[in-house]
Amino acid sequence: MIEPGKSTSRTWSWAPDTVPAPSLTLGVEEEFLLVDAQTWRVAPVAPEVLSDVGEVPQIHSEGTRYQVEIATPVADTADQLRDELTALRRVLAKTAREHGCRLLASPSPVLTVRTPPHLNDDEPRQRAQFQRFGALTDNLVGCGRHIHVGTLDTDTAVAVANRVRPWLPTLIALGANSPFWGGRDTGHASWRAMAWSTWPSAGLPPHFSSTAHYRRSVELLLTSGAALDTKMVYWDMRPSGTWPTLEIRAPDMSPGLDVAVLQAALGRALVAAALKSLAAGEPAATVRDEVLQLARWRAAHDGLEGYGLDPFTGTELPAATLAEALLDLLAPELAAAGDLEHASATLATLLRDGSGAHRQRAVYARRESLTDVLHHLADATESL
């Protein structure tokens, strides 16, 4: 394992622990697919499922009629977050079964989806998206997990994002769970990361020199036609347009609640470490955009089982080494939040048993059946 401070990069360090760790809250948005329990193809029944769920304000529609979304209330602890995710998933899974469907915590539909997809008929915005962006809307069936860390004002969220940005590829590798898309193996561990980045407003966020720079960048997306509105700022990370949070959007959706909590805990720890660095007056580390872009692709391609790039130097390293180094780097912040034991155990399990992408491919290899993969994902989603 590469130790922070002894790595190939002098920038693998944060502010000294004399700076107190801030108190930060968590929230998670999870996007799910609805698939027919017999054919295993996506089913456009989200409006009916949502209608039968009843008055649950944390459950919402998504971009297509194949999808539903949950958004947890604000949580102070990882245990509280897990409880909220569990309760909301159970409601959705039960209602989906009542409609002859299975709930799928999958970033991709696995099987081919008819195009154009069934967009959300209740959202004129979705129709406007299709009119402007055409076939790009096919990628709306991709499902992600969005982690909100707060409370942060916009100025602070922008400054923190610059410090968190180098580690977005590692978060993609940790969550990689979409090797299959459109009925075939894509050759990538996270094809969702690649498919989603075809949107002109998606991918890595820029390094912002100021909040004014951030606002100009968003305005350019709007005036250029790359985004209809600020909700279409699809960067892997952004100051939330709705909540006083930094929103980390890079990871794939995945069935396991342990992985969901790990991603949230790492996201909060990254923000906490960045805040300590800001308080100590440390400048953000310099990262070359071309290196970080390649690191993002390598993370999406190799996932956790292959290799990644040190975001500061471009040196090729095992993805597992980068993940372990991030955990070591954030150990003080994870410990302060009470998350270190869970994070360490979950990462150890991932490194032992393989990422979501690895497990999907192992299931497929037994009988070369994509239906088996979908059955595996549905069972794992409902194993709460």
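## Salt-bridge network

Arg97, Arg102, Asp379 and Glu382 are joined in a network of salt bridges. A salt bridge here is a side-chain nitrogen of Lys or Arg within 4 Å of a carboxyl oxygen of Asp or Glu. The structure holds 21 salt bridges.

This is a predicted model: local features need pLDDT of at least 70, side-chain atom pairs count only at pLDDT 80 or more, and totals for chains, interfaces and linings use all residues. Residues are numbered from 1 along each chain as its sequence is written, and side-chain values use heavy atoms, with hydrogens and water left out.

## Bridges between helices

Aspartate 258 pairs with arginine 82 in a salt bridge, with the closest N and O atoms 2.6 Å apart. Aspartate 258 sits in helix α8 and arginine 82 in helix α2 (residues 78-98), so the pair ties together parts 176 residues apart in sequence. Helices (H or I, at least four residues) and strands (E, at least two) are DSSP runs, numbered from the N terminus. Aspartate 258 is partly exposed, at 35% relative accessible area. Arginine 82 is also partly exposed, at 29%. The classes are buried (under 20% relative accessible area), exposed (over 50%) and partly exposed (in between), using a 1.4 Å probe and protein chains only.

Lysine 276 forms a salt bridge with glutamate 333; their closest N and O atoms are 2.8 Å apart. This pair also links distant parts of the chain: lysine 276 is in helix α8, glutamate 333 is in helix α11 (residues 331-336), and 57 residues separate them. Both lysine 276 and glutamate 333 are buried.

Aspartate 302 and arginine 298 form a salt bridge, the closest N and O atoms being 3.0 Å apart. The two are four residues apart in helix α9 (residues 289-302), so about one helical turn separates them. Aspartate 302 counts as buried, at 16% relative accessibility. Arginine 298 is buried too, with a relative accessible area of 17%.

Aspartate 153 caps the N-terminal end of α4. One of its side-chain oxygens lies 3.2 Å from the backbone nitrogen of aspartate 155.

Helix α4 spans residues 154-164. Its buried residues are Ala157, Val158, Val160, Ala161, Asn162, Arg163 and Val164. They pack against three helices, α5 (168-175), α7 (211-223) and α8 (257-279). They also pack against strands β10 (237-239) and β11 (245-248). Contact means heavy atoms within 4.5 Å.

Terms used. Polar contact = N/O pair within 3.5 Å; in protein donor to acceptor, adjacent residues only side chain to side chain.
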